[in-house]
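Work through the exercises below with the model open. Each task is followed by its solution.

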Amino acid sequence: FAPLANTHHVNLHQKDASHIKVHMAKSKSATKRKNSSQSNVSSLKGFGAPSSAATASSGVSIDRSKSALAFYDYIAANGGESNLKRVGLGEFPLPGTDLNIRGVVALQDIRKGDPIIEIPYEMALDFGRQSVDPTLPATSFLQMYCQWKSGQDIKAGVATLRSQYIGDYFAMLPAYQSVDCLGSTDFFSDEALEMLQSPLVKEETLLRRDLVKARYERDIETMAAMSSNLYRWGEDGFATFSHLQWATWLITSRVLTVQARESDTGATVPHRLFIPLIDMCNHDRDSPHILSGRAEPGGMLKVMAGKDVQSGDAIDISYGGGVEGNDRFIQDYGFLDSGGSKERAGGTAVAEAYRLVAKKLLDLGKKTINSMGRLSIEDQKRSLEALKATTISEDEALLASDKVIKCDERAALVYRIGIKKAIQELTD
Ligand SMILES: C[S@@+](CC[C@H](N)C(=O)[O-])C[C@H]1O[C@@H](n2cnc3c(N)ncnc32)[C@H](O)[C@@H]1O
């Protein structure tokens, strides 16, 4: 296969990468469905040789829809068959809502220290070296996705198998305008952005929109005008700015950051990868499972059991290295972390994901420097000031009323209440 037709590189076969540690940056998209609408999910035995008792005992339904079965086949055909005895895709109730979320479920007991998921490096989409700009890998991804959607060969990478089957993976990704992505501030209305009472989140969101716009105009519009086959979307249309926004959200919510050693310099650099199946693990801040592996041809990217796993358990991982707060979660992943499994079991009043943001605003907790680092005094001041516009009880009354019904506005309210409660707890 030829390299991509423009300047974006997606290394589907990372020839010069050597040892890699999966660091894990985060996690991803929720295929949120109403509990009542599970038409394509049945409570059958899982793929492979699952114990039906286990799936029944946890009440998790295994996804055996046509697209899921095609995806399992894709995994098996590319060297990942052993996974299918251990795990499948399931629908889990999302705490505190009437929604379900797709995730990975164990189909058998797995001992601490054993692999839960092992994906050959060749199955990953390696978007190359990490940078702060997610729009570049998003553009590469969108090009491949458009090629697949319009029935063309994917002109990237070297593996025939992948080009034949990667659509079975793409078909499992949260679709354009699906409910999953709409939770991200990228898709918030101006009113909802204001309601966050968080000038820094609002400014970063607007900056990202500008980045997407500039990237769209520079790389997609011009390329689409030059070649009618690039970025084709639908019968006679082309990918729009809004499609690139969706692709950018897929990047920020799904890539795993994997350390790669460059063969020429020997330097270790972070790469961004989509790793099928591993990218379907949801977030649990308290998950002990460990991501590791090699990003070299023949290597495996793995989720290793950090504790004994029982058949029927959700296989979650901790996004953001455990140091990111809900300011990142609402922007990058489109959900609010209301507490890890241990936190919830312990009945904590304020989730750690809010506390982390509050500590940043109050300039506490300097030991846990996260991706935003320390804030300037000015940014701290204006952030704290903005939150004073309303009190916690006013916000809670508003949330309980039927005055705010739009999802983005409700999420903004929940976010600001969480931050205010965390600030209150830390300053009392
Ligand atoms: C890497 S994907 C994980 C798999 C995803 N659920 C799927 O079906 O493709 C990350 C996305 O999953 C969803 N997600 C993951 N963990 C979640 C959680 N604890 N609560 C709510 N949504 C979550 C969010 O939409 C997030 O952007």
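**Exercise 1.** Decide whether Ser393 is buried or exposed.

Solution. Count C-beta atoms, placed from the backbone, within 10 Å of the residue's own: 20 or more others means buried, 12 or fewer exposed, anything in between partly exposed. Ser393 has 9 such neighbours, so Ser393 is exposed. Its place is in helix α14 (residues 392–400); helices are DSSP runs of H or I, at least four residues, numbered from the N terminus. The C-alpha atom of Ser393 lies 8.8 Å from that of Ile417, 24 residues away along the chain.

The model is predicted: local features need pLDDT of at least 70, side-chain atom pairs need 80 or more, and totals for chains, interfaces and linings use all residues. Numbering starts from 1 along each chain as its sequence is written.

**Exercise 2.** Classify how helices α4 and α9 are oriented to each other.

Solution. Take α4 (residues 135–149) and α9 (residues 241–254): their axes come within 8 Å and cross at roughly 110°. Axes are lines fitted to C-alpha atoms over the stretch in contact, with angles from 0 to 180 degrees between N-to-C directions. The 65 to 115 degree range counts as roughly perpendicular, so α4 and α9 are roughly perpendicular. Next, list contacts (C-beta atoms, placed from the backbone, within 7 Å). Among the α4 residues that meet α9 are Phe141 and Leu142; Leu244 and Ile251 are among those on the α9 side.

**Exercise 3.** Find which residues Ala124 contacts, leaving aside neighbours within four places in sequence.

Solution. The partners are Ile119, Leu273, Phe274, Ile275 and Leu301.

Notes. Contact = placed C-beta atoms within 7 Å. Helix = DSSP H or I, 4+ residues; strand = E, 2+ residues; numbered from the N terminus. Parallel < 35°, antiparallel > 145°, perpendicular 65-115°, else oblique.
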